[in-house]
Amino acid sequence: MPVAGDGGQVPQGVEGMDELDLLLGVVFVIAAGLGVGVDDDDSAVAVDDDGVPGGGVGGDVVEADDGGDAQGLGHDGGVAGPPAGVHGQPADVRAVHGRGLGRRQVVGQDDHVVGQVGKPLRPLADEVPQQPPLDVEHVAHAVGEVGRQRLDLPGVGPQDALDGVLGRHVLLADGGLELLLKFLVLQQADVEIEEQSSTLNDIIFKGADGSDLLIATSRPELIPACVALYVHPDDERYQRLVGKTAVVPLFNYAVPIKTSPYVDISFGTGLMMVCTWGDNDDVQKWKEDHLDTRVVFDEHGRLNELAGQFAGLNMKDGRKAILAALKEIGQLIKSAPLQHNVGVHERCGHTVEFKQSPQWFIKVLGHKDEYLARGAELAWFPPHMKVRFDDWVGGLKWDWCISRQRYYGVPFPVWYCAACNEPFIAPREILPVDPTQTPPPAGGKCAKCGGETFVGEPDVMDTWMTSSLTPLINSRWAFGDPLHDKIYPMDIRVQAFEIIRTWLFYTVAKSHHHTNTLPWRHVMISGWGLDEKGKKMSKRLGNFVDPMDVINKYSADALRYWSAGATLGNDLRYSERDVSDGKRLMTKLWNAIRFVTTYLIDEQGERLALRPGEPTVVDRWIRSRFAQTVKYATQCLDQYEYSLALKSVERFFFAEFCDNYLEIVKDRFWNPARFTPGHIDAARHTLFAIGYGIIKLFAPFIPYLTEDIYQRVFKPYGGPVSVHVDAWPEADENAIDARAEDLGKLLVAILTGARRWKTEQAVHQGHPLAELLVTCPPKLQAELEPVLEDLRAAARSDKIGFADGGTVPTEVEGVMLAMVLGEKKPKA
RNA sequence: GGGCGGAUAGUUCAGUUGGUCAGAACGCCGGUCUUACACACCGGAGGUCGCCGGUUCGAACCCGGCUCCGCCUACCA
């Protein structure tokens, strides 16, 4: 018997499955199903994978990620390939993208770990967790493309001139970040808005004529940075002041008084102070009206000499001191509590401040309409997620700053001429290169001044700068590989919703500029895995589930079963119960197949299971039900609703195949004399075919066990090397048989009546009946005739017939039963 | 402030174009060790489908309003 096993237990160690495989399985399933949102995630699990297609390319090309994002600490490990399969065969990715096509798939990989590993890259700080190495080619590749890309992309220039100013702010952390992220450049996507309590202070400026001008500000520490006062153009109170100047208190210098329609007449006094950069609005006015620049903070967030006597104080103390000084001279009128919105860093929560510094940018603001058009081209699953993309693109206010000042990451392959600062870009042949460690190629000269001394660019790239290249990397675009044309645009990106504004957006933008196409045709947006209480899993909060614990207790397949329970776009709570349900399903599957194999015994070299025999109504019923299940599950997967697909397969397997079909056909093998050889053959053939089909349907969801079963049971009949390269079943339209389904349903309904009666008699369901009599109208008798023998068998009755006087009700109107218990048979 | 999503049995969730759609699983109660499986099988109980209106012959489903939860987004100094 191919399936060993005793006591109905699934074998503990599935052959060939080691811990890594298990790990891959988990990572993959999480990637497939959900973005498990461990926030601040330096994901503990990082696996690499080559995602290069082996055999026939042309299947769906899938890109996936674990949904986490992080500025830096190696967020993911990209995806991995799905479980390598029991015998190291190409992994199956059907759970992600829908149906297996019997071909090897391409799984896109996110390369964030690139920034942390590999020789050519910046060495890691000791405290940064080490990740497994990526293969060198990918590293080189990522860097190589970046080198090209700055040349290819519109608007990307070295040391971009000041017109890129909106994006040109370094956002300086408000203290406390010295360790790893000293001066961290942020981008719009890195900043979150947080409501904070503060005070709104009414402060007197002096007009040129000596009159009092009352302004309201929540940032008094920026008074020395004040470069203008603004009023609304229609505000009659201040008409006389427009075009004049005002004197900044304590610091005694004059600033112009200007107008802007954005000033709210009713807020505070209607007079607004504009500083060297308290917020976006300040930056905007500074840029539009060419205001003076008065930077009062240094890189450490301390007031500088422009703040006079307050120099050296940090922001908090500076604010206090300045308020106190204003009060002393009678120019602080009042301080009222204020709730307002403050930009903070999305990871550490520190408030952010603007600072001017040279950075690398990609200008995206001029391309909003193009990005929106790309978003509209893309098929969104679920559709409503598109709104997030549109809203984000529409709301973009900064260009994309791609340089970061960090200790690790992918370096810009650029040197600057020591004499004139002209950039010198590394030729492709020497990539990857860390310009801080390696000098430019011998003989390199500055194109501008002929200088021969160069300084390496110390900045590294924004995480998204490289991760947005994943489809290009995986299609080997930069190498001119013909593979690119074959698989690009890819079929699908799989990711969670919180990185639509980053990973998805930047990938679309990159693809648009580099290739003038979408990177993929479909995007499937998942939710998050939540903890058992429905909260996002977080390392900080400690409310996460360690996959290895779950795997050790229940197996990787069981964990995967849980994650496959997420409906498209929705979050999924972790539930140990659901994992154990997965385990239960596995056990059931194992046992059901064990039963099936019991009767597949071949004789004299003949594959008995392949003999079609003469199917009865019941055989046709289950085949029809199977075909319907395949049809429905396929539809679900085509819409990326994998959980609905799994549920339907599971329901079919439990409620129809196991609970009814298996129970009904047992008798053909136990009492062969009562059946024709054709009917017995049909049962065997159906068990084989449907059993195999079930294994295939479950394969994307329960990859290890199904593969194990496949190797033992079905492969010997001539299947491919792995169930995971086998084709997803096609719904056999010819098998769909409405009449057989009706009769099957009728049979089961009556059978339930008989089962209920046995339960009431407190005997087990296998207890034989001496006789089963069915009472029903003559018309229904004719209906029932074709399934009568199967009904008899399922009820374990010796005899069956029609008679009046039945008293046991059934679920069918007008059908009653009468039964006589038989003798309990001795155990065979 | 704006937008999106969610609210259905004790619990977690399905409910496709409005008419056997009021479902599944788990849990609970009761029965059964039966030649695949007691990690099982059989049977049973459980819900005004968040609240209020409206459209309709008919609404969990469509429309309006409201409440609560989650997420995204936002220059009111």
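Modeller: Start with the names of elements: helices and strands are DSSP runs, helices of at least four residues and strands of at least two, numbered from the N terminus. The model is a predicted one. As a case, S575 is found in the loop between strand 23 (572–573) and helix 14 (576–598).

Biologist: Is S575 buried or exposed?

Modeller: Buried means under 20% relative accessible area. S575 has 16% relative accessibility, so S575 counts as buried. Leaving aside neighbours within four places in sequence, S575 is in contact with E532 and W562.

Biologist: How do I read a sheet, and in what order do the four strands of the open sheet lie?

Modeller: Two strands pair if DSSP finds at least two bridges between them. Here the order is 25-24-27-26, and the pairing is mixed. Strand 25 (797–802) and strand 26 (808–809) are at the edges with a single partner strand each, so one side of each has no neighbour in the sheet.

Biologist: How many bridges join strand 24 to strand 27?

Modeller: Six bridges join strand 24 (residues 769–775) to strand 27 (residues 816–821), and the two run antiparallel. Within that pairing, L769 has L821 of strand 27 as its bridge partner. Helix 19 (residues 738–760) lies across strand 24, strand 26 and strand 27, at about 45° to strand 27.

Biologist: What is the order of the open sheet of three strands?

Modeller: The order is 17-16-18, with antiparallel pairing. The edges are taken by strand 17 (423–425) and strand 18 (454–456); each has a single partner strand, so one side of each is left without a neighbour in the sheet. From one strand to the next, the twist averages 35°. Strand 16 (residues 414–417) is joined to strand 18 by three bridges, and W415 stands opposite G456 in strand 18.

Biologist: Next, aromatic rings. How many aromatic pairs are there?

Modeller: A pair of aromatic rings is described by the distance of the centres and the angle of the planes. The count comes to 22 aromatic pairs. In one of them, F497 and W528, the ring centres are 5.0 Å apart and the planes stand at 40°, so the pair is tilted. This pair links distant parts of the chain, 31 residues apart: F497 is in the loop between strand 20 (490–496) and helix 11 (500–515), and W528 is in the loop between strand 21 (520–526) and strand 22 (529–530). F497 is buried, with a relative accessible area of 14%, and W528 is buried at 14% relative accessibility.

Biologist: How are the rings of F653 and F698 placed?

Modeller: Their centres are 5.7 Å apart and their planes at 90°, so the pair is edge-to-face. F653 is in helix 16 (residues 642–670) and F698 in helix 17 (residues 677–698), 45 residues apart. Both F653 and F698 are buried. Elsewhere, ring pairs link Y371, W380, F389, F505 and Y506 into a cluster.

Biologist: Which ring does R493 lie over?

Modeller: R493 lies over the face of W503, at 3.2 Å from the ring centre. Likewise, R607 lies over the face of Y717, at 4.6 Å from the ring centre.

Biologist: Last, how many disulfides are there?

Modeller: A disulfide is a covalent bond between the sulfur atoms of two cysteines. The count here comes to zero disulfides. For C449, the closest cysteine sulfur is in C417 at 3.5 Å, too far for a bond. C449 is partly exposed, with a relative accessible area of 42%, whereas C658 is buried at 5% relative accessibility.

Note on methods:
Residues are numbered from 1 along each chain as its sequence is written. Chains are lettered from A and ligands numbered from 1 in the order in which they are written. This is a predicted model: local features need pLDDT of at least 70, side-chain atom pairs count only at pLDDT 80 or more; totals for chains, interfaces and linings use all residues. Side-chain values use heavy atoms; hydrogens and water are left out. Contact means heavy atoms within 4.5 Å. Axes are lines fitted to C-alpha atoms, for helices over the stretch in contact, and angles run from 0 to 180 degrees between N-to-C directions. Buried means under 20% relative accessible area, exposed over 50%, partly exposed in between (1.4 Å probe, protein chains only). Rings of Phe, Tyr and Trp (its six-membered ring) pair if their centres lie within 6.5 Å; planes under 30 degrees apart count as stacked, over 60 as edge-to-face and the rest as tilted. A charge sits over a ring if NZ of Lys or CZ of Arg is within 6 Å of the ring centre and within 35 degrees of the ring normal. A disulfide is a pair of cysteine sulfur atoms within 2.5 Å.
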